[in-house]
Amino acid sequence: MRPNNTKLLYFKGNLLFEFGFAEEAHPINALTAFSRDVSTLLGSAFGAGIVALVGPMGAFAFDGLSFIFSAVCLLSMPSLASSSRGGTAEDSQEKASNTHPLQSIIDDLREGWRFVVNSPWFLVGLPLATLGNIFFSGPLEVTLPKLVQTAYHGNVWLFGVLGMALALGSILASLLLGQLRHIPKRGTVMYGAVALASCAELLLGLSIPQAYAPWLAILANTLIGFGLGTFGLIWVTLMQELVPKELLGRVSSIDQLGAWSLLPLGYALTGVATDRFGPSLVFLVASLGNILLALIALIVPAIRRQE
């Protein structure tokens with residue numbers, strides 16, 4: 001139910017709050033998401049072009065080489081000295097040396113879970129995100145290629161355009177939220193955006209005349225990107241504001257683990273359902289599931305109270 005690359009947002013947010021720039025969280029989170037989504041937008045078009053030129057196997061080979069190039073660039077970067085925090089690092093190392101590594105992990109998890117259990121907005125939102133990620137990511141990543149082929153009679157270019165539309169919607173959300181230093185009724189806005197994305201997902205499962213179906217799919221993907229981008233930015237900012245900075249790393253790890261832990265199983269089940277029942281029905285069922293999840297969130301007082 002959120003963009004799957006939020007670690008940088010958490011990291012930047014931790015620095016912002018630590019150095020007293022909490023009021024800049026929304027704009028900087030939006031700028032970070034904007035840069036990520038622009039690369040996704042361009043990557044979808046570039047990927048479609050590579051597949052058209054050299055085929056899917058060549059595209060995967062090129063992608064693998066790009067990771068090698070990235071690794072070489074990272075290895076060539078000089079290490080950052082942390083002399084300004086030498087005392088803190090030494091204290092942490094001394095403390096870690098006196099504690100068994102497994103016990104340290106258990107203690108960290110216990111502290112993180114204590115915060116989660118005592119935060120109803122998080123405790124409810126995390127399982128909803130787990131299911132929502134399955135209902136969104138499964139159809140969009142597993143079912144959509146077959147929908148493009150069988151229902152729209154399209155090719156890799158249409159699939160690439162739909163990926164670009166998804167990124168464009170998220171970019172629009174980043175640009176809009178980036179202008180706002182504070183969003184009123186953030187809990188309601190956050191899950192209202194999920195409801196919007198869910199209704200847009202429903203459009204992908206409808207039987208539409210062939211002449212209009214691709215255009216409607218582009219619009220639907222743009223709205224899905226906008227809704228999920230809005231949710232992701234507000235969720236990350238809420239975590240940065242409400243989670244104590246000394247717990248932010250632990251709680252964000254629990255958040256990432258909980259939100260994405262069942263996604264591999266979701267991919268497998270989505271593939272089986274797509275082959276057995278067809279792509280359109282998968283999108284219809286998944287969208288109705290996401291609408292239900294959004295409604296459940298909106299009736300929780302702790303979520304509606306988030307300003």
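The buried residues of helix H11 are covered by, among others, helix H5 (120-150), helix H7 (186-204), helix H10 (263-277) and helix H12 (301-304). Contact here means heavy atoms within 4.5 Å. Helices are DSSP runs (H or I, at least four residues), as are strands (E, at least two), and both are numbered from the N terminus. The model is predicted: local features need pLDDT of at least 70, side-chain atom pairs count only at pLDDT 80 or more, and totals for chains, interfaces and linings use all residues. Residues are numbered from 1 along each chain as its sequence is written, and side-chain values use heavy atoms, with hydrogens and water left out.

The protein has twelve helices and zero strands. Of its 307 residues, 41% are buried. Buried means under 20% relative accessible area, exposed over 50%, and partly exposed in between (1.4 Å probe, protein chains only). Among contacts with a separation of 6 or more, 85% join residues 24 or more positions apart. The accessible surface comes to about 16300 Å². Carbon and sulfur atoms hold 70% of that surface. Areas come from the Shrake-Rupley method with a 1.4 Å probe; for residues, only the protein chains shown count as cover.

Helix H11 covers residues 279-298. Its 20 residues should span 28 Å at 1.5 Å a residue, and its end C-alpha atoms are 29 Å apart, which agrees. The expected span is 1.5 Å times one less than the number of residues. Buried positions in H11 are Pro279, Val282, Phe283, Ala286, Ser287, Gly289, Asn290, Leu293, Ala294 and Ala297. Seen down the helix axis, these residues fall within an arc of 165 degrees, so they line one face of H11. The arc is that of the directions from the helix axis to the C-beta atoms. An α-helix has 3.6 residues a turn, so residues three or four places apart point the same way. Val285, Leu288 and Leu292 are exposed on the face of H11 turned away from the buried side.

Helix H7 contains Gly192. This glycine is partly exposed, at 31% relative accessible area. Gly192 and Gly227 are 35 residues apart in sequence, and their C-alpha atoms are 8.1 Å apart.

Three salt bridges are found in the whole structure. A salt bridge places a side-chain nitrogen of Lys or Arg within 4 Å of a carboxyl oxygen of Asp or Glu. Glu111 pairs with Arg250 at 2.1 Å, N to O. Glu111 lies in helix H4 and Arg250 in helix H9 (residues 248-260), so this pair ties together parts that are 139 residues apart in sequence. Glu111 is partly exposed at 32%, as is Arg250 at 27%.

Asp275 pairs with Lys146 at 3.3 Å, N to O. Asp275 lies in H10 and Lys146 in H5, so the bridge ties together parts 129 residues apart in sequence. Asp275 is exposed at 58%, whereas Lys146 is partly exposed at 28%.

Glu241 meets Arg186 at 2.8 Å, N to O. Glu241 is in helix H8 (residues 213-242) and Arg186 in H7, 55 residues apart. Glu241 is partly exposed at 33%; Arg186 is buried at 3%.

Ile105, Leu109, Trp113, Val117 and Leu123 make a nonpolar surface patch of about 460 Å². Patch residues have over 30% relative accessible area and no salt bridge; like charges are joined within 9 Å, and nonpolar side chains (Val, Leu, Ile, Met, Phe, Trp, Tyr) within 5 Å. Helix H4 (residues 101-117) gives the most to this patch, with four residues. Trp113, in H4, is partly exposed at 40%.
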